[in-house]
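I opened this entry to look up the sheet, the helices packed on it and the nonpolar cores. The structure comes first, then my notes.

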Amino acid sequence: MVFEPPKRLVRALGETAPDGDDWLEKLPGAAQRAVALRELTVERVQVPGGRSSLVVLVRAADGTPAVLKLAPGRARPEAERAALAHWAGRGAVQLLETTSAEGVLLLERLHPDVSVRSLPEAKALLEAAGTLRRLWVEPPAGFPFETVAERTARQAEAMRARAQAAPEVAPLVDVALAAREELLAAPPEHRLLHGTFRQSKVLAGERMPWLAVGPDPVVGECAFDLARLVRDRVEDLIAQPSGAATTRRRVKRLAESLDVNQERLRGWTLFRAVESGVRAGRVGRPRDAELLLEFASWL
């Protein structure tokens, strides 16, 4: 089988590595070797797939359905492996192979085309929040993960550079950076977080109704993780005349349901929306940038 990367993956990797690298060129051969080594039967490549990895639906030698995932080093696949091993299937997809293989993960098969996003909005938020709660555990000793402070420091540097190049975003960037400084001064807890949690990252499963996939794990306070969920379906929020009020109600409802401080959730939601909007503008996605920055202005 020819393992051709989906267009979505090619486009996304082009954004994160504009000067290019050779991971995509090596990907077909790496996928062939990973399949042969594990004696897997390939069913299909998942399309449109993700923005940071190739996902292949396979069956193990004994017929067990599984997922083979290959990701470049900049997507931090070994951190994902460590987080999934620590969660051990509690709220997240389960590793079927715990031995380290650089950039390759063999995972429990969920229902790849059925995410919690398929539910009505209120039900989707409820189920997603319940899944997220199960992931917030103490990190392992000597954890190999970035902290929220470390990750957002890199992001803040890129935001400042963008604000200099595009002065129209500078006021929101200044507010977001000030919120970050205040939030980092006294975090209420340090938990293992999913890192990139949203409705599309929660898939239907067999052993549990819903399980999280695709973490980019980080250690920090729970409000940072929940912040990404606040802006789910941002296109729908922007299209509503009451979008700003709906967003503020969502912040309040999610904070209360997961025992998270509402103001801290608002602050991290603001920072993460501005960071994503600035990044979208930088890589040539002006429509996404416009939506995200308008959303951030409501906070």
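**Sheet, helices, cores**

I was working on a predicted model. I then looked up the strands around that pair. Strand S3 covers residues 65-70 and pairs with S4 in the antiparallel sense, over 5 bridges.

Next I took the whole sheet. I found 4 strands in an open sheet, ordered S1-S2-S3-S4, with antiparallel pairing. Why is one side of S1 and of S4 left without a neighbour in the sheet? Strand S1 (41-45) and strand S4 (104-108) stand at the edges and each has a single partner strand, so one side of each has no neighbour there.

Helix H3 (residues 77-87) lies across S3 and S4. I noted that H3 runs at about 35° to S4.

Last, I checked the cores. The largest nonpolar core has 75 residues. Which of them touch the most other members? I listed Leu226, Leu265, Val274 and Phe295. I followed up Val274. Leaving out residues up to four places away in sequence, Val274 touches Met159, Leu172, Val173, Ala176, Leu293 and Ala296. Another core, of 19 residues, lies apart from the largest one. Among its members I noted Ala31, Leu40, Val58 and Leu70.

Notes
Residues numbered from 1 in each chain as written. Predicted model: local features only at pLDDT ≥ 70, side-chain atom pairs only at ≥ 80, totals over all residues. Heavy atoms only, no water. Core = buried A, V, L, I, M, F, W, Y, C linked by side-chain atoms within 4.5 Å. Buried < 20%, exposed > 50% of the residue type's maximum accessible area, 1.4 Å probe, protein only. Contact = heavy atoms within 4.5 Å. Pairing = 2+ DSSP bridges. Helix = DSSP H or I, 4+ residues; strand = E, 2+ residues; numbered from the N terminus. Axes fitted to C-alpha atoms, helices over the stretch in contact; angles between N-to-C directions.
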